Structure formats: structure tokens, C-alpha cells
Amino acid sequence: MELWFTELQNSNLSIGLRVNRTLHSEQTEFQSLDVVETVQYGRMLVLDGCVMTTDKDEFVYHEMLAHVGLHTHPEPKNVLVVGGGDGGVIREIVKHPAVERAVLAEIDGRVIDISREYFPQIAQGLNDPRVDVQVCDGIKHVQEHKGKYDVIYVDSTDPIGPAVGLFAKDFYQAVYDALKPDGLFVAQTESPFANQDLIRHVHRDVRDIFPHTYLYLAHIPTYPTGMWSFTMGSKQYNPLEPVASRVRDTKYYTTEVHKAAFALPPFVQELVQK
Ligand code: SPD
């Protein structure tokens, strides 16, 4: 008998991966959490039925979330990740020698525990001495730390359940306030095929708050439609003029990929036009 994991996009569309076995399943205080072993992509972390990361393609998302921002800011010393309890973005952040302190504010401590246990390659950065892992409400953390960070990342789950507040305009205002005068932030903003309204509203909200707003793309096979977007709000620096690469051991990120990621097909450009 074959076992398949299915993530439903809507009543007409789903993504499916054949599964060897389920390694872990629980209902945490915040969400359902599953770890399955897929045939094609290795171990996979699933929250509330949505794919968060897999052993085989996680590098694309984590490198493109972390390195684009850190190569846009000339001196990123203090960095915050809201969400991202699997540790993948932190693993990439600590590759940057300029980073002195990286705080992880993850609301669900079980995501951290389970990632350490089942995804040690992804979670390894959490052990770096510069990293401060805090199990807390990221929204509150941002509200309580004004003017503190050079770069803030929002590595959220999908805009349902505990992540809803991370796609709201008042949260982006709090992120702006938590950044230093030349700070910037990057958030994952879902698929330009499947989440057009969300991308439109996030871009509009961020543009109302930040002087410079950008959208960029990466290709992530296990996320719905495979085409993924990231939104950057920057107070000063321009991501189209990145600093020379500071990291060597990447499998997706290069300076050329960084620049190319901002080239948007017309149907995506349309989503972010005024
Ligand atoms: N639909 C997938 C959205 C997942 C975004 N966050 C993934 C967490 C990986 N660190």
C-alpha cells in the first residue's frame, strides 16, 4: 500500500509526496506538527498540514531568505528572526562574520525541539554562541525592542493559525520601529501564483511604512506552485547593489542569483505596482 502526503491548496489543486513513514506527530499548544520521511525529498516538517521544510530543498528557502538581506546591509551586527524555529535561517545567518548577535523569537518551542531531534543539519546553527533562542511571541518581542536591530527576518508559517498576525500592517510598523535608522527586513510572502491578494496587500502595507519596498523570487520545489516570493522593506540600503559575497558554502545563493531574483515576470510585477 502506498502512503501519500497531500497539501491542499484549494478544492482544485494540491501537492503530493510519497511517504515512507511518519516519524513524529503531535498537537502542540499552537498547531499540528508532523515529521514524515518522503521518498523524493527526505525528511519533511509539516505544520498545520503545510510543508515547512524538507532535507533536500531547504537550502533554497533558507539561503534566499537570509543572504539577500545580509548582503544588502553593509554591517549587519544585530539580527532577529521571528519564527523560523527549525533553525535554517539562523544557520545561514551565522555564516556571516559581521553578525554579533542573532535572536530567534519562536512562539512554539516544540518546533525547535523537534527540529533539533529530526533535522540536525538544519538546526545546527542554533548552537552557535552568538545565537539567543527565545521561545516567545515574536510580535511582542518586536514591539518591546525599538531601534535595536540591523536586520529582521520573518520566517513565518502560512498565513493561518499562529502566523496571521505576522502578515498585518501594525506588525510591519512595529518591525520598522524595531529597526535601527538604516535597518531592513525581509519576510516570506508565499506564492505569486497561489497568493496574489496576500502579496498585493503585504506590498502595499510595507510600502506605506518603509521608504523602499522590494519583491524577489526563488524556486522551491516543495512549496505550492514552486515559485516563492520574499518582501523586503528597507530604510536606506538598495538590494540591487549588494555587497561582495561574504559566504562561500552556499548551494543556491550567489551575487548573480541575488541580483537576478529581483527581475520579476510581468504578471508578478503587476502585483506590486502602485
Ligand atoms: N507554505 C510554506 C511556507 C513556509 C514558510 N516558512 C518555512 C519555515 C522554514 N524555515
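His141 has its place in helix H5, which spans residues 138-143; helices (H or I, at least four residues) and strands (E, at least two) are DSSP runs, numbered from the N terminus. This is a predicted model in which local features need pLDDT of at least 70 and side-chain atom pairs count only at pLDDT 80 or more, while totals for chains, interfaces and linings use all residues. Residues are numbered from 1 along each chain as its sequence is written, and side-chain values use heavy atoms, with hydrogens and water left out.

With a relative accessible area of 4%, His141 is buried, where buried means under 20% relative accessible area, exposed over 50% and partly exposed in between (1.4 Å probe, protein chains only). The side chain of His141 makes a polar contact of 2.7 Å with the side chain of Tyr149. A polar contact is a pair of N or O atoms within 3.5 Å; within protein, one must be able to donate a hydrogen and the other to accept it, and residues adjacent in sequence count only if both atoms are side-chain atoms.

## Other buried positions

His258 lies in helix H8 (residues 255-260) and is buried, with a relative accessible area of 0%. The side chains of His258 and Tyr253 are joined by a polar contact of 2.7 Å.

Ile199, which is found in helix H7 (residues 196-209), counts as buried at 0% relative accessibility, and its C-alpha atom is separated by 6.2 Å from that of Thr189, ten residues apart along the chain. Phe119 is found in the loop between helix H3 (109-118) and helix H4 (120-123) and counts as buried at 1% relative accessibility. The C-alpha atoms of Phe119 and Gly87 are separated by 9.2 Å, although these residues are 32 residues apart along the chain.

## The ligand and its shell

The ligand sits in the largest pocket. On a 1 Å grid over the protein atoms alone, a pocket is an open set of points with protein on both sides within 12 Å along at least five of seven lines, and a molecule sits in one if more than half of its atoms lie within 2 Å of its grid points. Strand S5 (50-54) and helix H1 (58-70) are the elements that give two or more residues to the shell around the ligand.

The residues around the ligand include Tyr61, His62, Asp155, Asp158, Glu190 and Trp228, each with a heavy atom within 4 Å of it. By class, this shell has five nonpolar, three polar and four charged residues. A nitrogen atom of the ligand is 2.8 Å from an N or O atom in the side chain of His62, and the corresponding distance to the side chain of Asp155 is 2.8 Å. For the side chain of Asp158, a nitrogen atom of the ligand is 2.7 Å from an N or O atom. The protein covers 98% of the 340 Å² of accessible area that the ligand has on its own, with areas from the Shrake-Rupley method and a 1.4 Å probe.

## Positive phi angles

Most residues other than glycine have a negative phi. Glu190, one of the residues around the ligand, has a positive phi of about 70 degrees although it is not a glycine. Glu190 is placed in the loop between strand S10 (179-188) and H7, and counts as buried at 2% relative accessibility.

Thr225, also not a glycine, has a positive phi of about 75 degrees. Thr225 lies in the loop between strand S11 (212-219) and strand S12 (227-234), and is partly exposed, with a relative accessible area of 37%.

Conventions. On a 1 Å grid over the protein atoms alone, a cavity is a set of points where a 1.4 Å probe fits but cannot get out, and a pocket is an open set with protein on both sides within 12 Å along at least five of seven lines; lining residues have an atom within 4 Å of a point. Ala, Val, Leu, Ile, Met, Phe, Trp, Tyr, Cys and Pro count as nonpolar, Asp, Glu, Lys and Arg as charged, and the others, Gly among them, as polar.
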